Amino acid sequence: MANTAQAVRNAFGPCTQWDTVALVLQGGGALGSYQAGVVEGLIEAGIEPNWVAGISIGALNCAIIAGNPPESRLSKLQGFWETICSPPRHLSSIPFLPSDLDHTVGTPLSKLRSSIEAGLTVAYGQSGFFSPRGLTPWLGMDEPVTSVSFYDTSVLKSTLERYVDFDRINAGLMRVSVGAVDVQSGNFVYFDNTKGPAKGCMRPEHFMASGALPPGFPAVEVEGRYYWDGGLVSNTPLAEVLHATPRRNTLTFQVDLWSAKGPLPTNVFDAQERQKDIQYSSRTRAITDMMQHQQRNRHLLRELLELIPEAERQRNPWCQKAAEEACSRQYSVIHLIYQDKEWESNAKDYEFSFHTMQTHWHTGLKDIRHTLSHRDWLQLPAAGQEFVTFDQHRSA
C-alpha cells in the first residue's frame with residue numbers, strides 16, 4: 001500500500017488540475033474516526049484539500065484539519081480522538097472488561113463489549129467531550145436554553161482549543177463550511193470562514209453548534225442566536241460544495257458514516273439502527289443524481305446556444321443568462337461510505353471505546369488507500385463528461 005500511495009503522490013501531488021479539492025464529512029458521532037482514517041490516507045498520498053465542509057462530528061474533524069498545517073494535522077487528529085475516546089478520569093483505572101474481549105468480527109463477545117462500552121458512555125459521558133447533567137433534565141423543569149439537554153458539552157470548547165489553531169482557520173488558508181440549524185427559525189445555515197457573518201471570525205462555538213444534537217446536547221449560542229446540530233435538516237454538506245458559485249472544476253471526497261442501503265430489520269433494535277441509517281445518510285445519492293441531471297442540462301443548453309448566431313447571443317439578454325448557466329465546469333465525486341461491522345448496533349454512533357475508535361480509523365485508512373489505487377479517478381473526466389461519481393464498494 002505504501003507503494004500505491006507513493007505512486008499517487010508522484011502522479012498527482014495536490015491534484016493541481018482541479019480548481020477545488022473538497023473534503024465533505026457527514027455527521028455520525030463515534031463513527032467519525034473513520035473520517036480521520038480517510039484523512040490520514042489523503043495526507044499519506046500528498047492530497048491537500050482546499051475546502052472542508054462538515055456536519056456534527058464531521059464539523060469537529062473539519063476544525064482540526066483546517067486548524068493545523070499538514071505536517072501536524074495527523075498528530076492533532078490522533079490526540080483529539082484519543083482524548084474523546086478515553087473514559088472519564090474516575091473510571092479510567094477500573095477494568096470493566098477483560099483485555100481479551102477485543103473486537104472479533106461476528107462474535108457474541110464483541111457485541112457484548114460494544115454494548116457495555118455504549119452503556120458506559122450513556123452513564124458517564126466521555127472525557128473532553130460531554131458529561132451527564134444528572135437528574136435535573138429528567139424532571140422537566142425550565143432551564144436556560146444552553147442547559148436544556150441530558151449532557152453538558154462545555155468541556156468540548158477547551159478540547160477544541162487544545163487541538164485547533166482558530167487563527168489559522170480565520171486566515172482562510174483553507175475554506176471551511178459547517179452546517180447548523182437556528183433553533184428559533186428552523187433555518188439551516190452554514191458558518192463559513194470565507195463569507196457571511198462568520199468570515200474571519202470562526203471560533204469553537206461555530207463547530208460545537210454544528211454538533212449540538214438535541215436532546216443529548218444543548219443549543220450553542222453564536223452571536224446572540226442559538227443553534228442545534230445541522231444533521232436535523234441535512235447531515236451531508238455535499239450540496240453546499242457542488243452548488244457553489246462561481247462554478248469551478250471540483251474534485252470532492254465525500255465521506256459518509258451512514259449507508260442508505262441496508263438489510264431488512266429482524267427485531268426492534270435493528271429497526272432503530274436502520275432508521276438512523278436512512279435518516280442520517282441524508283440521501284447523498286439523490287444529491288449526486290440531481291447534480292448529474294443539472295450538468296447534463298447545462299451540456300444540452302451549450303449545444304443549443306451553438307445553434308444561435310453569435311451576434312444574437314451577444315445581444316439577447318436571455319442568451320447571456322443561458323450562457324451563464326451553460327458553463328462547462330467539471331465535477332467528480334469520490335464517495336467513501338462506512339460499512340457497518342457485524343458486532344455494531346443501534347448504539348454505534350455513541351460507542352466511543354478506544355478499541356472501536358481504532359477499528360473505525362483503520363477501516364477509513366484502508367478504504368481511502370483502496371480508493372486511491374484507482375489513479376484515473378483523480379483525473380479530470382473525459383471531454384463531454386461534466387459530472388462523474390466513483391465508489392470503491394459499488395465498483396467492487
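Beyond its neighbours within four places in sequence, Lys348 is in contact with Ala30, Leu31, Trp258, Glu273, Asp277 and Asp340.

Lys348 and Leu242 are 106 residues apart along the chain, and their C-alpha atoms are separated by 29 Å.

## Thr356 in helix H14

Helix H14 covers residues 354-372 and includes Thr356. Thr356 has a relative accessible area of 1% and is therefore buried. Between the C-alpha atoms of Thr356 and Arg113 the separation is 9.8 Å, although the two residues are 243 residues apart along the chain.

## Backbone geometry

Most peptide bonds are trans, and most residues other than glycine have a negative phi. The exceptions described here concern two peptide bonds and two phi values.

A cis peptide bond links Pro214 to Pro215, with omega at about -5 degrees. Pro215 is placed in the loop between helix H8 (204-210) and strand E7 (220-222). The bond from Thr245 to Pro246 is also cis, and its omega is near -5 degrees. Pro246 belongs to the loop between helix H9 (238-242) and strand E9 (250-256).

Ser56 has a positive phi, near 60 degrees, and is found in the loop between strand E2 (51-55) and helix H3 (57-66). With a relative accessibility of 11%, Ser56 counts as buried. Glu223 also has a positive phi, near 50 degrees, and lies in the loop between E7 and strand E8 (225-229). In contrast to Ser56, which is buried, Glu223 is exposed, with a relative accessible area of 62%.

## Overall fold and dimensions

The protein contains 15 helices and 11 strands. Its radius of gyration is 22 Å, close to the 21 Å that the globule rule gives for 396 residues, so the protein is as compact as a globular protein of that length. The C-alpha trace spans about 80 × 50 × 45 Å along the principal axes.

Contacts between residues 24 or more positions apart make up 75% of the contacts with a separation of 6 or more. Of the 396 residues, 50% count as buried.

## Surface and charge

The accessible surface of the protein amounts to about 18,400 Å², and carbon and sulfur atoms contribute 55% of this area. The side chains include 35 positive and 42 negative ones, and the centres of these two sets lie 4 Å apart.

## Confidence of the prediction

The mean pLDDT of the protein is 89, and 91% of its residues reach 70 or more. Over residues 1-12, by contrast, the pLDDT is below 50, and this stretch has 21 contacts in the model beyond near neighbours in sequence. Residues 98-106 likewise have a pLDDT under 50, with 19 contacts beyond four places in sequence in the model.

How values were computed
Residues are numbered from 1 along each chain as its sequence is written. Side-chain values use heavy atoms; hydrogens and water are left out. Helices (H or I, at least four residues) and strands (E, at least two) are DSSP runs, numbered from the N terminus. The radius of gyration is taken over C-alpha atoms; the globule rule is 2.2 Å times the number of residues to the power 0.38. Buried means under 20% relative accessible area, exposed over 50%, partly exposed in between (1.4 Å probe, protein chains only). Contact means heavy atoms within 4.5 Å. Accessible areas come from the Shrake-Rupley method with a 1.4 Å probe; for residues, only the protein chains shown count as cover. Lys and Arg count as positive and Asp and Glu as negative; His and the chain ends are not counted. The place of a charge is taken as NZ of Lys, CZ of Arg, CG of Asp or CD of Glu. pLDDT is the predictor's confidence in each residue, from 0 to 100.
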